[in-house]
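Thanks for passing this one along. Here are my notes, as numbered points, to read beside the model.

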Amino acid sequence: MDLHFFKWMPRANAAQTKKDITLLVFLHGMGGTGQIWRPIAAVLEEEFLCIAPDQRGHGQSRPVPTDSANQFHASDYASDIAPLIQKLVDEHAPSSFYIIGHSMGVRSGLATASSILNARKDSTSGIRSELRKIFKGFISVDIGLQSKWG
């Protein structure tokens with residue numbers, strides 16, 4: 001499933017932006033959207049490439065396709081998020097990336113991290129094993145994120 005996502009990044013020229021940038025992937029909780037991370041991204045966007053997808057069934061990533069066994073299990077969320085990370089890494093060539101999750105985003109983030117760390121060279125998921133080399137960690141956020149977006 002293709003996910004809608006918000007992207008905030010340094011306003012510098014493209015060559016400078018791609019040089020040693022770190023990608024931060026923010027995952028929202030149940031009933032939220034990627035936009036809930038905007039206040040935090042606003043502080044970080046001059047130094048980091050910040051991405052916040054609307055996870056499946058949320059925000060602009062609805063509806064969930066009904067033509068297959070699409071569910072709302074952590075592995076289903078991971079099957080959406082990991083390819084998005086791969087696409088963004090291919091596009092922006094960050095030197096490293098972190099996954100940051102809140103509430104439900106912790107669950108889907110850990111499943112995503114697991115799928116990246118267990119990716120094989122011959123994977124049919126579209127996730128290349130090289131991705132794990134630049135994956136630096138997972139951050140669990142346990143605060144009440146509040147904004148006008150969720």
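**Notes on the fold, the cores and the charged pairs**

1. Let me start with the sheet. Five strands make up an open sheet, ordered β1-β3-β2-β4-β5, with mixed pairing. Strands and helices here are DSSP runs numbered from the N terminus (E, at least two residues, for strands; H or I, at least four, for helices), and two strands pair if DSSP finds at least two bridges between them. The edge positions belong to β1 and β5, each with a single partner strand, so one side of each has no neighbour in the sheet. On average, neighbouring strands are turned by 20° against each other, direction ignored.

2. A word on provenance. This is a predicted model, in which local features need pLDDT of at least 70 and side-chain atom pairs count only at pLDDT 80 or more, while totals for chains, interfaces and linings use all residues. Residues are numbered from 1 along each chain as its sequence is written, and side-chain values use heavy atoms, with hydrogens and water left out.

3. Strand β4 deserves a look. Of its 7 residues (96–102), 6 are buried, so β4 is largely enclosed by the rest of the structure. Buried means under 20% relative accessible area, exposed over 50%, and partly exposed in between, with a 1.4 Å probe and protein chains only. β4 runs parallel to β2 (residues 22–27), joined by 6 bridges, and F26 stands opposite I100 of β4. β4 also runs parallel to β5 (residues 135–141), again through 6 bridges; there F97 has F135 as its bridge partner.

4. At β1 the pairing is of the other kind. β1 and β3 run antiparallel and are joined by 4 bridges, and F6 has A52 in β3 as its bridge partner.

5. Next, the helices on the sheet. Helix α3 lies across β1, β2, β3 and β4, at about 155° to β2. α4 packs on the sheet too, touching β2, β4 and β5, and its direction makes about 150° with that of β4. Contact means heavy atoms within 4.5 Å; axes are lines fitted to C-alpha atoms, for helices over the stretch in contact, and angles run from 0 to 180 degrees between N-to-C directions.

6. Which residues touch the most other members of the largest nonpolar core? They are L23, I85, F97, I99, I116 and L131, out of 24 residues in that core. The elements giving two or more residues to this core are β2, β3 (48–53), α3, β4, α4 and α5, and α3 supplies the largest share, 7 residues. Apart from this core lies another, of 11 residues, including F6, W37, A52 and V141. A nonpolar core is a set of buried Ala, Val, Leu, Ile, Met, Phe, Trp, Tyr and Cys residues joined through side-chain atoms within 4.5 Å.

7. L131 sits in helix α5 and is buried, at 3% relative accessible area. Setting aside residues up to four places away in sequence, L131 touches I85, Q86, V89, F97 and I116. L131 and F97 are 34 residues apart along the chain, with their C-alpha atoms separated by 9.3 Å.

8. Now the charges. Side chains of opposite charge can pair when their charged atoms come close. The structure holds 4 salt bridges, a salt bridge being a side-chain nitrogen of Lys or Arg within 4 Å of a carboxyl oxygen of Asp or Glu. One of them joins K7 and E91, with the closest N and O atoms 3.4 Å apart. This pair links distant parts of the chain, K7 in β1 (residues 5–8) and E91 in α3, 84 residues apart. K7 is partly exposed at 31%, and E91 is partly exposed at 35%.

9. D90 and R128 also meet in a salt bridge, at 2.4 Å from N to O. D90 is in α3 and R128 in the loop between α4 (104–117) and α5 (131–134), 38 residues apart. R38 and E45 form a further salt bridge, at 3.2 Å, and E45 is buried at 7%.

10. Finally, please look at D76, in helix α3 (residues 74–92). D76 is buried yet has no salt bridge, and R56, the nearest side chain of opposite charge, is 4.7 Å away. For charge, Lys and Arg count as positive and Asp and Glu as negative, with His and the chain ends not counted. Beyond its neighbours within four places in sequence, D76 is in contact with R56 and Q71.
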